[in-house]
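Hi there,

Here is the structure I promised to pass on to you. Have a look at it first, and then read my notes below.

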Amino acid sequence: VPSLEGRYSGQNVLLVTVDTLRADRLGAYGYSRATSPRIDRLAERGILLEEAFAPRGMTWPSLASIMTSLRPASSGVRYNGQHLSEEIPTLAKQLQAKDYVTHAFVGNACTMTRQGFDTRTCRLPDTELTDLAIEALVSTVEDPNEDRPWFVWVHYMATHTPYEPPNEFDRFRDPDYTGTITGDRLELEQLMEERVAFSRADLEELNGLYDGEVLALDHEVGRLFAAVDELGEREETLVAFLSDHGEDLAEHHDYLFHACSVYDSSLRVPFIVALPDGAHANTRVEGVTEVLDLAPTLLSLLGVPPLPAAEGASLASRISHPDDAVEDRIAYSEYYDRDRELTIESLRSDRWRYVFNPARLTPQCLPVGDFYQVEQEELYDLVNDPGETENVVHKHREVVEQFRQLAKESARKALLGEGVEYDESLRDELEALGYL
Ligand SMILES: [Zn+2]
């Protein structure tokens with residue numbers, strides 16, 4: 001098998017990210033409803049990473065990780081509103097330096113995403129983002145004086161609250177539902193605040209609304225892909241599709257949304273790459289990967305210098321050799337408490353999720369309250385319990401011991417930093433709390 005590294009030198013890149021899209025709601029990832037015909041077709045002509053994870057269930061940290069291949073503690077973007085330092089290299093800057101034309105169309109995280117783009121369009125509805133991205137593609141491709149490759153990034157908001165799919169995509173709800181669920185964010189917060197237990201019909205309504213949003217998103221993505229095809233650019237364009245994080249739909253503690261979550265529902269994401277020449281079409285890569293792997297992968301396929309401090313890894317050789325056994329990798333995610341400056345570490349291997357919360361933090365996110373109870377240690381066996389419902393921390397002591405050491409290493413780095421002078425009293429405090 002010829003190496004993929006540098007094989008796509010000078011090719012275009014279309015990066016599509018979706019806010020709050022769960023992997024398990026796409027046909028390509030095994031969903032039973034027809035929510036994603038166009039995304040599924042992308043997977044058929046590309047490579048699908050089966051087990052991909054976000055570093056946090058929150059937009060800015062995750063998008064920063066996608067762009068920098070750094071974990072939130074290293075990028076410095078640990079919650080929404082934190083800016084990425086100008087000194088940090090990014091995927092966009094790296095491509096810009098290689099003479100790419102770069103355009104971003106983002107529905108969220110507007111200021112965080114400004115670096116490395118010649119133009120940036122923010123906070124418009126998805127349909128307008130698609131229209132403007134297509135316009136930019138047409139004018140770039142058809143400009144006789146422009147022969148540079150392009151990098152276009154579109155970040156859609158569809159599956160983020162409110163869950164209000166346009167009528168034509170609102171196909172997955174029970175028309176006879178009479179309960180209190182709506183797709184309105186404030187109303188949903190209100191229900192959480194009142195600790196309303198969701199009935200089966202409520203959950204079906206909630207999922208039906210969400211799935212309608214996935215279908216609406218699929219339609220927008222389809223328009224974008226069709227434009228690339230119509231411009232005759234498909235065979236010169238690498239396409240990457242992923243989300244910043246998923247969404248909890250009341251699987252844990254009757255919680256909706258994502259910023260509190262330390263579980264698969266909000267941390268597992270879709271991750272699909274389609275190569276310009278159709279190489280490795282319909283390939284499914286098993287094993288854990290992280291969104292941090294995106295930038296190293298694209299840069300290596302394009303033969304562009306890597307990000308010097310990248311914490312992710314190129315997937316190029318795993319794509320060429322999907323059946324090779326790989327070392328069991330761990331995906332690291334965090335919940336960061338910005339007031340106490342402490343973390344909950346959430347680690348995921350192929351089989352296990354381990355959650356390390358020595359300080360007994362209770363994640364705080366809207367609606368404010370102590371309802372998202374995370375134990376000091378949790379362990380889930382995804383093979384037997386894919387919903388992460390039964391904490392088996394007392395049944396697998398050796399597994400827990402191994403994960404605890406990894407979580408401590410990760411926490412040490414995330415809380416004390418690496419290679420910097422740390423304050424002894426902080427170290428003592430973290431030790432007393434059980435992080436070290
Ligand atoms: Zn988000």
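What follows is a short tour of what turned up. One thing to keep in mind from the start is that this is a predicted model.

**The zinc site**

I would begin with the metal. The zinc ion takes its protein donors from Asp19 (OD), Thr59 (OG1), Asp244 (OD) and His245 (NE2), at 2.0 to 2.1 Å. The angles subtended by these four donor atoms run from 100 to 116°, so the arrangement is tetrahedral. For comparison, the ideal angle for four tetrahedral donors is 109.5 degrees. If you want to find the donors in the sequence, their spacing is D-x39-T-x184-D-H. Two of them come from distant parts of the chain: Asp19 belongs to the loop between β1 (12-18) and α1 (37-44), while Asp244 belongs to the loop between β6 (237-243) and β7 (248-249), 225 residues apart. Asp19 and Asp244 are both buried.

**The disulfides**

Two disulfides were counted. With the bonded cysteines numbered in sequence order, they pair 1-2, 3-4.

One of them joins Cys110 and Cys122, whose sulfur atoms are 2.0 Å apart. The torsion about this S-S bond is about 120°, which means the disulfide between Cys110 and Cys122 is right-handed. Cys110 sits in the loop between β3 (101-106) and β4 (119-122), and Cys122 lies in strand β4 itself, twelve residues apart. With a relative accessible area of 8%, Cys110 falls under the 20% limit and is therefore buried.

Cys260 and Cys365 form a disulfide too, with an S to S distance of 1.8 Å. Here 105 residues separate the partners: Cys260 is in the loop between β8 (256-257) and α8 (264-267), and Cys365 is in the loop between β14 and β15. Cys260 is buried at 0% relative accessibility, and Cys365 is buried at 10%.

**A four-stranded sheet**

Those last two strands also belong to an open antiparallel sheet of four strands, in the order β12-β13-β14-β15. Its edges are β12 (331-337) and β15 (377-381); each has a single partner strand, so one side of each has no neighbour in the sheet. From one strand to the next, the twist averages 15°. Inside the sheet, β13 (residues 342-348) and β14 (residues 352-356) run antiparallel and are joined by four bridges.

**Salt bridges**

The count here is 32 salt bridges, and I picked out a few. Glu377 and Arg404 meet at 2.8 Å, N to O. Arg404 is partly exposed at 23% relative accessibility. There is also a network in which salt bridges with shared partners join Arg22, Asp24, Arg25, Arg33, Asp211 and Glu251.

Within helix α6 (residues 185-193), Glu189 and Arg185 form a salt bridge at 3.2 Å, N to O. The two are about one helical turn from each other because they are four residues apart in the helix. Glu189 is buried at 10%, whereas Arg185 is partly exposed at 24%.

Finally, Arg234 pairs with Asp229, their closest N and O atoms 3.0 Å apart. Both ends are partly exposed, Arg234 at 35% and Asp229 at 32%.

Enjoy exploring it!

Best wishes

Terms used: Residues are numbered from 1 along each chain as its sequence is written. This is a predicted model: local features need pLDDT of at least 70, side-chain atom pairs count only at pLDDT 80 or more; totals for chains, interfaces and linings use all residues. Side-chain values use heavy atoms; hydrogens and water are left out. Donors are N, O and S atoms within 2.8 Å of the metal (3.2 Å for Na, K and Ca); water is not among the atoms, so sites may look incomplete. Four donors count as tetrahedral if all angles lie between 85 and 135 degrees; four count as square planar and six as octahedral if opposite donors are over 155 degrees apart and all others between 65 and 115; anything else is irregular. Buried means under 20% relative accessible area, exposed over 50%, partly exposed in between (1.4 Å probe, protein chains only). Two strands pair if DSSP finds at least two bridges between them. Axes are lines fitted to C-alpha atoms, for helices over the stretch in contact, and angles run from 0 to 180 degrees between N-to-C directions. A disulfide is a pair of cysteine sulfur atoms within 2.5 Å. A salt bridge is a side-chain nitrogen of Lys or Arg within 4 Å of a carboxyl oxygen of Asp or Glu.
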